[in-house]
Amino acid sequence: MRQSDICAIIDLNVPSEALEPLTQYRPIGTLPFAGRYRLIDFPLSDIANAGIRDVGMYMPASSRSVQDHVRSGSTWNLDTITGGIFTFPYVATKNYNNPLNRQRYYDDYLTFLKKSNTRFTVIISARNIENINLQEVLQFHLEGNAPITTLYKRQLASGTTPDEDALKISAAGEVSNIVTAGDLTPDAKTHTLPMAMGVYMLRTSLLIEMVQNASEQEDFIRLPKILEEAVSVYNANAYEYTGFYANINSIKRYFDANMAMLEEANYQALLYSQRHIFTKNKNEVPTFFSDASEVNNSLLGTGGWIEGKVNESVIFRRSRIAKGAEIDHSVLMQGCKVGENTKLRYVILDKGVVVGPNLTLEGTPEEPLVYSKNAIVETDAKTEEGRVELQ
Amino acid sequence: MSTEMLAMILAGGQGSRLGKLTKSTAKPAVPFGGRYRIIDFALSNCFNSGVNTVGVVTQYQPLELNAHIQNGASWGLNEKNAGVTVLQPFASREGEKWFEGTAHAIYQNIAYIDLYAPKYILVLSGDHIYKMDYEAMFNYHKAKNAALTVGVLPVSMEESTRFGIMNTDETERIIEFEEKPAHPKSNLASMGIYIFNWPTLKKYLMDSYSTDGNLEDFGKDVIPAYLSHNEATYAYAFHGYWKDVGTIQSLWQANMEFLEPNNELDIANRDWRIYSRNDALPPMYVTRSARVNNSMVVDGCYVAGDIEHSILSQNVRVGEGTVIRDAMIMPNAVIGKDVVIDHAIIGERAIIGDGASVIGKPDDIAVVGYQEVLGKAVEKR
């Protein structure tokens with residue numbers, strides 16, 4: 001089989017304020033998810049499963065976690081003799097009024113696209129959780145009328161926020177433009193809206209042309225905007241994705257997506273399909289469940305030591321849950337320790353949080369309590385350092 | 001290319017006492033402890049000890065071992081001009097080079113060893129569970145100015161009758177070797193771990209195979225030859241957990257010991273990690289109907305049954321109403337609903353149908369073999 005005909009672009013510069021403090025030192029793309037993954041594993045696995053060998057990755061301001069996770073790209077077969085991962089550094093000043101910076105922004109894209117020597121380009125949003133068959137998307141694209149294809153997922157209107165992007169799809173199945181969810185009326189029967197996934201496929205030559213045109217404009221226009229305009233200009237083909245999808249744009253959405261993995265159908269569809277989700281290997285030891293442990297409907301990573309109760313929760317690698325502790329509807333990232341007889345309910349602990357004994361920390365499904373990375377929690381008083389209450 | 005000490009891991013054994021478990025795979029490739037294969041211990045010990053050039057000598061059913069080892073990257077053994085080479089018997093002008101014994105296997109691979117021109121070679125067995133710093137033994141070998149250092153494990157005097165025993169003088173020099181002595185004079189059991197000065201060993205092997213070819217085995221032939229020629233041969237005592245998992249009973253026993261919190265192997269000690277090949281698997285999923293106690297579970301497991309004092313390896317599925325007790329379940333086994341498994345080892349990819357039972361006793365462990373199907377087929381999840 002010859003080399004892939006597709007190259008991929010992932011831009012990790014995605015607004016992440018709504019996910020503070022989880023995104024204080026990392027972009028949304030490296031948020032831990034479902035007990036052992038990072039968000040970027042999903043686009044990268046789509047890429048690996050489609051046999052794509054050229055990936056342009058646009059780095060965020062805080063790129064340490066990205067570099068550490070992706071390394072050579074070997075996890076996703078991206079360390080072959082041709083192609084691979086091409087990273088483009090964050091432009092520190094980010095002052096795009098400066099024509100040099102602006103030119104640099106476009107040049108980075110043009111350099112990658114021209115060098116990739118591929119016929120098609122796929123652009124994937126870095127805050128997506130999904131498992132897309134990109135070869136199938138390519139087939140769909142080739143059969144479509146428009147020179148650009150964009151993806152959507154029908155989601156219950158009640159689960160969306162009015163400011164999220166959605167597609168306005170004509171009766172003929174073409175996308176006339178990208179609007180916000182609030183602008184659309186949900187389907188009468190299914191109460192769903194076609195939510196835009198921020199995934200696009202088009203000819204590489206067309207994308208090069210579009211980027212070149214943009215670089216000659218008076219105003220600075222970023223790639224997502226260029227693509228959005230192309231959707232309107234060409235009435236893009238609309239590919240309906242039917243698998244599990246979450247657009248991680250808030251703490252609540254992040255929490256809900258983790259909880260959704262505790263529904264077997266979602267877990268199976270996203271993580272256990274023929275298209276594997278690949279992630280960096282850690283060589284952890286098996287997780288030990290003691291005599292006293294009680295675990296109920298939960299996902300757990302390896303390297304754990306469980307002596308307490310865990311109910312409806314997602315527990316990442318190397319967590320220690322002491323005797324008498326009770327974890328309920330919570331997300332505990334890698335390396336958390338929970339002391340004896342402490343109760344957590346609707347709580348998110350970032351990596352390495354240590355919670356002392358005999359405490360009760362309780363959030364709500366709407367507003368989970370969040371403790372930031374490496375916080376040491378010794379009281380359940382409201383003023384605890386590291387704790388963030390959502391307004 | 002040159003490397004000071006090269007390791008040769010002997011991984012060609014059939015492991016016939018493991019019965020069904022090694023029917024289609026070599027003993028070093030047998031799964032252990034939920035997410036390891038036995039050879040991971042020797043390979044990880046090499047990496048952790050700074051031994052970066054390793055030949056793995058295979059012969060019996062090598063497919064799984066090859067698939068497991070690949071380019072050695074999983075153990076950090078993929079350096080340029082070093083790393084892992086899997087060595088299999090091959091044909092040459094002199095005839096086919098099957099390996100007739102441990103020493104003969106080294107003789108047949110002289111060309112490989114000389115590629116790296118080592119001063120020393122470390123000979124290891126690929127079927128032991130232990131964490132050992134070979135560098136410490138190497139330093140001892142050099143300090144003693146030895147021609148051969150034998151790794152030995154102090155065992156109880158009763159156990160000494162079951163091992164090859166090294167009798168030493170007060171300087172730890174080996175003066176006598178006795179295979180399974182009825183009346184042991186010492187308790188230093190050979191671990192099948194040797195450091196040789198390569199030029200000396202090579203000369204012995206070349207001389208032997210150009211004449212009578214009687215140096216087939218290290219324990220039986222080479223050590224006695226070294227002793228009779230008065231070569232400086234020393235015993236290096238290892239203190240720590242070491243287990244030969246050569247039988248069904250000892251394999252089960254070692255897995256059960258692995259389950260004990262604070263067991264001597266100390267698998268979770270990150271200063272001496274054991275590495276293995278990793279598959280892309282989702283996190284383990286413990287459902288509402290599951291109970292898991294005194295057990296170890298790893299990636300990719302789906303658990304809906306009752307697990308007590310057992311190990312579930314990667315990608316094992318356990319249906320509702322099933323009870324698993326005192327058992328080791330190997331990777332990719334599928335266990336249906338309402339199954340009872342007690343004192344057993346379930347082989348890789350085995351399928352246990354709904355309602356079936358596999359029941360052994362503490363001194364007679366039940367075994368379901370690799371890919372064996374028991375009872376009616378399980379509904380695919």
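How many residues of chain B are in contact with chain A? Select both chains of this predicted model and look between them. The contact joins 40 residues of chain B to 37 residues of chain A.

**Stop 1: chain A.** Chain A holds eight helices and 30 strands. Its radius of gyration is 22 Å, close to the 21 Å that the globule rule gives for 391 residues, so chain A is as compact as a globular protein of that length. Along the principal axes, the C-alpha atoms of chain A fill a box of roughly 60 × 50 × 45 Å.

**Stop 2: the interface.** Bring chain B back. About 3,200 Å² is buried between chain B and chain A. Carbon and sulfur atoms give 48% of that area.

Stop 3: Show side chains at the interface. Three salt bridges are counted between chain B and chain A. Pick Arg270(B) and Glu284(A): their side chains meet in a salt bridge, 3.3 Å from N to O.

Now color the side of chain B that touches chain A by element. Those giving two or more residues are α8 (248–259), β16 (284–286), β17 (291–293) and β18 (295–297) of chain B. By residue class, this side divides into 22 nonpolar, 10 polar and eight charged.

Stop 4: Select residues 287–289 of chain A, which form strand β14. This strand pairs with β18(B) in the antiparallel sense, over three bridges. Finish on Phe289(A): which residue of β18(B) stands opposite? Ser295(B) does.

Notes:
Residues are numbered from 1 along each chain as its sequence is written. Chains are lettered from A and ligands numbered from 1 in the order in which they are written. This is a predicted model: local features need pLDDT of at least 70, side-chain atom pairs count only at pLDDT 80 or more; totals for chains, interfaces and linings use all residues. Side-chain values use heavy atoms; hydrogens and water are left out. Contact means heavy atoms within 4.5 Å. Buried area is the accessible area (1.4 Å probe) that two parts lose on being put together, summed over both. A salt bridge is a side-chain nitrogen of Lys or Arg within 4 Å of a carboxyl oxygen of Asp or Glu. Helices (H or I, at least four residues) and strands (E, at least two) are DSSP runs, numbered from the N terminus. Ala, Val, Leu, Ile, Met, Phe, Trp, Tyr, Cys and Pro count as nonpolar, Asp, Glu, Lys and Arg as charged, and the others, Gly among them, as polar. Two strands pair if DSSP finds at least two bridges between them. The radius of gyration is taken over C-alpha atoms; the globule rule is 2.2 Å times the number of residues to the power 0.38.
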